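Consider the model shown here, taken one part at a time.

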Amino acid sequence: MFSIPDPVVRFFHRMASPPHFYAFTERLMPWLVVIFLLLTAAGLYGGLYLAPTDYQQGDSYRIIYIHVPSAWMSLFIYVVMAVAGAIGLVWRIKLAEIVAISSAPVGASFTFIALVTGSLWGKPMWGTWWVWDARLTSELILLFLYLGVIGLYGAIDDKRTASRAVAILALVGVVNIPIIHYSVEWWNTLHQGPTVTKMDKPSIHVSMLIPLLLMAVAFKFYYLIAMLQRARTELLLRERNAQWVKAMISESK
Amino acid sequence: MSLSHAFFAVIRRDLVLALRRRSEIANPLLFFILVITLFPLGIGAQPHLLQAIAPGIIWVSALLAAMLSLDSLFRSDFDDGSLEQILLSPHPTSVLVLAKIIAHWLVTGLPLLVVAPLLAVFLGMPNHALGILLLTLLLGTPVLSLIGAIGVALTVGLRRGGMILSLLVLPLYVPVLIFAGNAVQMAGSGLPVDAQINILISILLMALVLAPLPVASALKMSIN
């Protein structure tokens, strides 16, 4: 039987306690910001200066360095949200609930960025701002799913109940996303008119790939920063009557 | 009382209640007919155009009608406390909830099948596509009730759950809309539609098995 090493278990137990989480993320934050800035600088430098111009698309392909990592993040964050929600649902860990709901607005922003950059990219490529391309369409539906999660959380007054509702919804969404994605892809192959030239996904050169991966990791760090900041605020709000919050505030005075 | 007794008792009770409040049956049906009547008025009575978009119109209207009727699924039981009794009963909540969903579909989903052929003729849909239209409605509308039940269960405790319900439920309806609408379209052009029908069957089976579980836990969440 596989067993989790003791220090890891202890780490998770400590992280589940709000005061520890608050103090730990406070110390972690500057490091995350530094790593994020370094990765972004390297990724953008590599992507915008070092990477060669594409022979078909010219320089306009460079939006890929924002578009593709955002699209990856949009799915990744939804899965994180569902997993955190499930943990909160099963073990009633307050912090997992907070992580789940703090992820939703960040995920929605990444989805929105992916949509906007996709449409900006589509203008020179397809000659129009919007085509009912399979990936763009499923990103749009993903955005609606995120907005549903955020809306549901906002609509329920009791925040513990709201977290459970959000967790159930996120789990339903996670089961549905693959079905929605493949149905949209299938729909697209049938409906797509011959006027829209679907480009084959070109095999990407390594000098273009490295900045892309750098940006993808940088966006992961950005997500961590944004999500943790939201989680810390949410935590303070929910625990405003707890002893450790009062102690912390009176100390800082 | 055994589980199957309880299951059929819930269905029977809900059907009797629905028959005593007939407006609940009539409203989604009238809405369905009205929306479809509005399309030719908005677009113009061009037979070719209407014929081309008829499957889409009928299915989108069915989606909206199903969504509007959802509120009655748990509302009155939530208000008078019988929902709590269902949750407190010794039988698994998900099974009893499935009974409620089936009863709700019999009352709000099945009538759509009766008027759909008439509306299809209004829109000039070819006769050989009617059978497929009915088949997709038969397979698709239960899925709408099952998925919709999740949304209602999550929002039944809210005073103004209506707007948020559409945001929760409509994105999840997309696969049904795609496959059903496409099947009818293809059938209209005389093409085989076995693949779409099979996928709709599998979606229905998955929804039958999986959907009652989140509905049950969402109801428990909404009640406390």
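A crossing of two helices is called left-handed if the near helix is turned anticlockwise from the far one by less than a right angle, and right-handed if it is turned clockwise. The model to which this is applied is a predicted one. In chain B, the crossing of helix 7 with helix 8 is right-handed. The axes of helix 7 (residues 110–122) and helix 8 of chain B come within 10 Å, and their crossing angle is roughly 150°. From helix 7 of chain B, the residues that make the contact are B:Leu112, B:Leu113, B:Ala116, B:Pro117 and B:Ala120. Helix 8 of chain B brings B:Leu130, B:Leu133, B:Leu134, B:Leu137, B:Leu138 and B:Thr141 to the contact. Sorted by class, the residues of this contact are ten nonpolar, one polar and no charged.

Helix 7 of chain B also has a kink of about 40°, placed at B:Ala116, shortly before the proline B:Pro117. Which residues of helix 7 of chain B are buried? They are B:Leu112, B:Ala116, B:Leu119 and B:Ala120. An α-helix has 3.6 residues a turn, so residues three or four places apart point the same way. The buried residues of helix 7 of chain B pack against helix 2 (23–43), helix 3 (47–69) and helix 8 of chain B. After helix 7 of chain B comes B:Gly124, with a positive phi near 75°.

Helix 8 of chain B has a part in the core as well. The largest nonpolar core consists of 131 residues, and those with the most contacts inside it are A:Leu152, A:Leu169, B:Ile58, B:Ile147 and B:Ala153. Helix 8 of chain B, with 14 residues, gives the most to this core. For B:Ile147, leaving aside neighbours within four places in sequence, the contacts are B:Val169, B:Leu172, B:Tyr173, B:Ala207 and B:Ala211.

Next comes the interface of the chains. Here 18 residues of chain B are in contact with 24 residues of chain A. On the side of chain B that touches chain A, helix 8 (130–155), helix 9 (162–169), helix 10 (174–188) and helix 12 (212–223) of chain B each supply at least two residues. Helix 10 of chain B has the largest share of that side, five residues. How do the residues of the side of chain B that touches chain A divide by class? There are 16 nonpolar, two polar and no charged residues.

Chain A has eight helices and zero strands. Its C-alpha trace spans about 65 × 45 × 40 Å along the principal axes. Of the 253 residues in chain A, 35% are buried. Among contacts in chain A between residues at least 6 apart in sequence, 78% join residues at least 24 apart.

Two residues remain. A:Arg92 lies in the loop between helix 3 (64–91) and helix 4 (94–126) of chain A. Its phi is near 55°, a positive value in a residue other than glycine. A:Arg92 counts as exposed because it has 12 C-beta neighbours inside 10 Å, the cut-off for exposed being 12 or fewer. B:Ser2 is found in the segment before helix 1 (3–20) of chain B. B:Ser2 is exposed, since 7 other C-beta atoms lie within 10 Å. B:Ser2 and B:Pro90 are 88 residues apart in sequence, with 9.8 Å between their C-alpha atoms.

How values were computed:
Residues numbered from 1 in each chain as written. Chains lettered and ligands numbered in written order. Predicted model: local features only at pLDDT ≥ 70, side-chain atom pairs only at ≥ 80, totals over all residues. Contact = placed C-beta atoms within 7 Å. Helix = DSSP H or I, 4+ residues; strand = E, 2+ residues; numbered from the N terminus. Nonpolar A, V, L, I, M, F, W, Y, C, P; charged D, E, K, R; others polar. Buried ≥ 20, exposed ≤ 12 C-beta atoms within 10 Å, placed from the backbone. Axes fitted to C-alpha atoms, helices over the stretch in contact; angles between N-to-C directions. Bend = angle between axes of the 7 residues up to and from the residue. Core = buried A, V, L, I, M, F, W, Y, C linked by C-beta atoms within 7 Å.
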